[in-house]
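Student: I would like a close look at a single part of this protein, with its surroundings. Please take one residue and follow its contacts.

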Amino acid sequence: MRIIRTAKGLERFLVFLRQRAGGVNEEVVRTVSGIISDVRLQGDNAVRKYTARFDGLKTEHLGIAVKEIRRLSGEADPGVVDALRITAGRIRGFHLRQKEESWLYREGGALLGQIIRPIQRVGVYVPGGKASYPSTVLMNVIPAQVAGVEEIALCVPTPGGEINPYVMAAIDLLGVKEVYRVGGAQAIAAMAYGTETIKKVDKIVGPGNVYVATAKRMVFGEVDIDMIAGPSEVLIIADRKAPPEYIASDLLSQAEHDELASSVLITSSEILAFKVRDEVKKQLKSLKRKDIARSSLKSYGAIIITNSLKKSVQIANRIAPEHLEIMTERPEKLLPLVQNAGAIFLGEWTPEPLGDYAAGPNHTLPTGGTARFFSPLGVYDFVKRSSLLKFSRGAFQRLSQVVETLSDIEGLEAHGNTIRVRKGR
């Protein structure tokens with residue numbers, strides 16, 4: 001990991017960090033655009049064609065029947081299923097506290113308010129293949145269920161027909177009954193535009209590779225999406241008393257995701273900085289994914305040395321990390337200074353993977369600096385709001401001149417006429 005001490009070095013690294021997942025791959029865009037067009041025109045036939053091409057799976061049945069989900073979930077280790085059940089309960093408990101209620105108030109003959117309704121139909125994308133992501137099922141489906149979404153369609157790729165029992169166990173645990181063995185951009189297109197088998201959804205959520213992310217970006221507007229997830233990232237602010245071995249393990253937990261992941265330590269202790277660098281080298285040797293982690297740390301890992309914890313937080317706010325760990329003697333003291341972070345982990349006993357799995361808050365978080373304006377996935381992402389207005393004659397008359405005045409200065413005569421017609425009566 002590089003060690004950064006100077007302002008110039010910091011600025012160069014911040015620019016490099018922002019560029020790591022930036023830009024548009026024109027070849028990917030062309031490929032995804034063609035897939036979306038084919039699915040819109042040919043429906044199921046196009047979905048089957050691309051499923052055969054990319055996943056090596058030829059099938060007439062795009063759906064996975066409930067009895068098949070139950071059978072496959074039965075192959076999962078009972079201990080893992082228990083862990084999923086505990087995790088699901090914690091996620092549900094956290095998200096129940098996010099529920100919003102409709103509200104009304106009366107004001108001088110006017111009834112005003114906001115009506116909260118769930119989105120009717122949501123599509124959830126779960127990455128598949130050799131990896132197993134049952135936590136993605138829980139984190140994306142549970143807030144939709146808490147919001148009251150009636151229809152949830154889930155797409156998961158099954159390369160070569162291989163279906164992961166742990167993903168099926170999570171699906172079965174939550175009672176999702178509409179599941180399709182479809183992945184990639186074709187799954188996003190199918191959910192966005194609908195096919196003979198897969199009914200069009202109103203919103204698509206869930207992570208995926210660059211083709212999935214590009215497809216989500218391209219169908220936005222036809223449907224809503226959660227966010228465009230980029231490479232994972234962790235930023236740790238630590239003082240001289242923080243345990244180097246804890247910091248090193250937490251940095252590596254992100255570095256092992258992929259070569260584009262970013263792991264950054266900001267500290268006011270030069271002694272700690274070098275201890276952590278040595279500890280990272282030591283722990284890296286025993287990791288199964290050490291080649292990925294090493295590449296990630298070489299490209300996007302850094303230890304930034306500052307002259308104060310306040311300056312450390314200022315730099316963190318500029319980076320706006322997906323995960324922010326504050327491993328200081330009194331982490332709560334720094335919390336009011338934090339402006340931009342997807343999730344904040346306080347203290348040495350709160351490693352980021354707690355949030356990935358079992359803590360309860362959602363692990364779908366803004367990346368690439370978008371924590372400046374995006375929030376974690378939550379129940380609020382699965383509802384829509386309608387404003388409600390009802391005016392009595394008296395309340396109408398009290399505001400009529402204001403509306404006439406504003407419509408006239410904007411040159412919208414017919415707007416003003418709606419007021420004049422009523423006043424004339």
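With which side chain does the side chain of His323 make a polar contact?

Tutor: The model is a predicted one. The partner is Glu352: the side chains of His323 and Glu352 make a polar contact at 3.1 Å. The side chain of His323 also reaches a backbone atom, the oxygen of Glu233, at 2.7 Å. In the chain, His323 belongs to strand S12, which covers residues 323–327. His323 counts as buried because its relative accessibility is 2%, and the cut-off for buried is under 20%.

The surroundings of His323 can be listed, leaving aside neighbours within four places in sequence. Ser232, Glu233, Val234 and Leu235 are in contact with it, as are Gln254, Ala343 and Phe345. Glu352, Asp356 and Leu365 are also in contact with His323.

For context, here is the nonpolar packing. In soluble globular proteins, nonpolar side chains tend to be buried together. The largest nonpolar core here has 39 residues, and Val137, Leu154, Met168 and Ile171 have the most contacts inside it. Two or more residues each come from helices H4 (66–73), H5 (78–96), H6 (134–147) and H7 (165–174), and from strands S4 (121–125) and S5 (151–155). H6 gives the most to this core, 8 residues. Another core lies apart from it, with 28 residues, including Val28, Tyr125, Ala185 and Val223. Met168, for its part, touches Ile64, Ile69, Leu72, Ser73, Val156 and Ile163, not counting residues up to four places away in sequence.

Technical notes: Residues numbered from 1 in each chain as written. Predicted model: local features only at pLDDT ≥ 70, side-chain atom pairs only at ≥ 80, totals over all residues. Heavy atoms only, no water. Core = buried A, V, L, I, M, F, W, Y, C linked by side-chain atoms within 4.5 Å. Buried < 20%, exposed > 50% of the residue type's maximum accessible area, 1.4 Å probe, protein only. Helix = DSSP H or I, 4+ residues; strand = E, 2+ residues; numbered from the N terminus. Contact = heavy atoms within 4.5 Å. Polar contact = N/O pair within 3.5 Å; in protein donor to acceptor, adjacent residues only side chain to side chain.
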